[in-house]
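Me: Can you walk me through this one? I'd like to go spot by spot.

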Amino acid sequence: MITQTYHITLPSEILEAENIPAEDCLFFDIETTGLSWRQSHLYLLGIVLFENDQWIMKQWFCQRPSEEKEVLIIFSELLNAHKYLIHFNGATFDVPYLMHKYTFYQLEQSWEHLEQIDLYRRMLPFKNCMGLTHMRQKDLEVYLGIHRKDTFTGGELIDFYQEYLKSGDEELLAMLLLHNKEDVEGMTALLSLLTIPRIFAGDFDHSLICIRYISDNTNVQKQMHVLEMTFPFALPCSLYHESEYFQLSTADRLITVSVPLQFGTRKYFFPNYKDYYYLPLEDQAIHKSVGTYVDKEHREKAKASNCYQKKEGIFLPQFSTVFTPSFRREYKDEVQWFEADENLIRDKEKMAAYMVHLMGNIIKRDRM
């Protein structure tokens, strides 16, 4: 077996922000000779851990298939000594593969004490606002400006490993080690992306939100801008989202959500329509306690779709009931609206909640 050790740098402040002690973290990636654990074997394990006040990367390379069990035992000791297991899409392949191997070799290994952080799954909801079409690790690395020396895929390296077993060629060994090394190093670099989920979760100082207006030349359409300028970390990349209802953009520590104010009429739909009459001439509903005094020819039993009262004003969109009363254009519309009351939209705490609500809608829609 060949063992390699390297010293690396890692953005520890991201782990601190996540309340994850460095000494409890274990990054890992494996290389195998196939996808089926029954018909392949593990030939390379790469890990990163915090040891003696520094970040260290280690690799264990099997010079023969029979060394697979020894690598599993080494990894088991590492797992038992840590609380957080960090990987990229390891929940789909790496972890199930290893669990089957431990069972096959009758090696006891508990995974229950580990909190797994799958960087792929953490970042997948933000794929569209990052402007990405694919979410492979290499795609995210290029997105962050990281370019590898290694140009091969894991599948291509299987043939290189088989050839190495026959020839012992040092150049093949170097290529195999480099691929895994850059996989694990790249994974640690992706930690900086964890600032993005924190923003969308509203993890920023609400009191320092700035609210301002921009009006066009006709003074008919205005925009409310919600700005948050004190996020503790500079974003590793820019984000952008635009819909007919609002726009989101980021730059460094600045997050901007722009929402056009909508002028016009919206309808408030009463929930208990059976208690109301609809008045066709007035195009509104009134409670039966009052409607009893209206001529029967000018009233009818209300339906859910016409049990409303109209409101003229200035409105902002919401995608669930954040602020009440909540209005709609029509009964079955998914988008709701709330009145842009001056006191409300100048309340920084409430507008911070609204900002988080809008950003949450981006994630919800991207998952659909």
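Me: Is Arg 148 buried or exposed?
Reply: Arg 148 is buried, with a relative accessible area of 17%. Buried means under 20% relative accessible area, exposed means over 50%, and partly exposed is in between (1.4 Å probe, protein chains only). This is a predicted model: local features need pLDDT of at least 70, side-chain atom pairs count only at pLDDT 80 or more, and totals for chains, interfaces and linings use all residues. Residues are numbered from 1 along each chain as its sequence is written, and side-chain values use heavy atoms, with hydrogens and water left out.

Me: What does Arg 148 form with Asp 150?
Reply: They form a salt bridge, with the closest N and O atoms 3.8 Å apart. A salt bridge is a side-chain nitrogen of Lys or Arg within 4 Å of a carboxyl oxygen of Asp or Glu. Asp 150 is buried too, at 6% relative accessible area.

Me: How many salt bridges does that rule give?
Reply: The count comes to 14. One of them pairs Lys 310 with Asp 283, at 2.5 Å from N to O. Lys 310 is in strand E16, while Asp 283 is in the loop between strand E13 (276-279) and strand E14 (284-287), so the pair ties together parts 27 residues apart in sequence. Helices (H or I, at least four residues) and strands (E, at least two) are DSSP runs, numbered from the N terminus.

Me: Which residues are joined into one network by shared partners?
Reply: Glu 141, Arg 148, Asp 150 and Asp 183.

Me: And Asp 139, what is its partner?
Reply: Arg 136, with the closest N and O atoms 2.7 Å apart. Asp 139 is buried at 19%. Arg 136 counts as exposed, at 52%.

Me: New topic. How many aromatic pairs are there?
Reply: The structure holds 27. Take Tyr 43 and Phe 61: their ring centres are 6.2 Å apart and their planes are at 85°, so the pair is edge-to-face. Tyr 43 sits in strand E3 (residues 42-51) and Phe 61 in strand E4 (residues 54-61), so this pair links distant parts of the chain, 18 residues apart. Here is the rule: rings of Phe, Tyr and Trp (its six-membered ring) pair if their centres lie within 6.5 Å; planes under 30 degrees apart count as stacked, over 60 as edge-to-face and the rest as tilted.

Me: Are those two buried or exposed?
Reply: Tyr 43 is buried, with 0% relative accessible area. Phe 61 is also buried, at 0%.

Me: Which residues form an aromatic cluster?
Reply: Tyr 268, Phe 270, Tyr 276, Phe 315 and Phe 327 form one.

Me: Now the backbone. Where is the cis peptide bond?
Reply: It runs from Thr 324 to Pro 325, with omega near -5°. Pro 325 lies in the loop between strand E16 (308-318) and strand E17 (336-339).

Me: What about phi at Asn 19?
Reply: Asn 19 has a positive phi of about 60°, although it is not a glycine. Asn 19 is in the loop between helix H1 (12-17) and strand E2 (25-32). It is exposed, at 65% relative accessible area.

Me: And Asn 89, what is its phi?
Reply: Asn 89 has a positive phi of about 60°, and it is not a glycine either. Its loop runs between strand E5 (84-87) and helix H3 (94-104). At 24%, Asn 89 counts as partly exposed.
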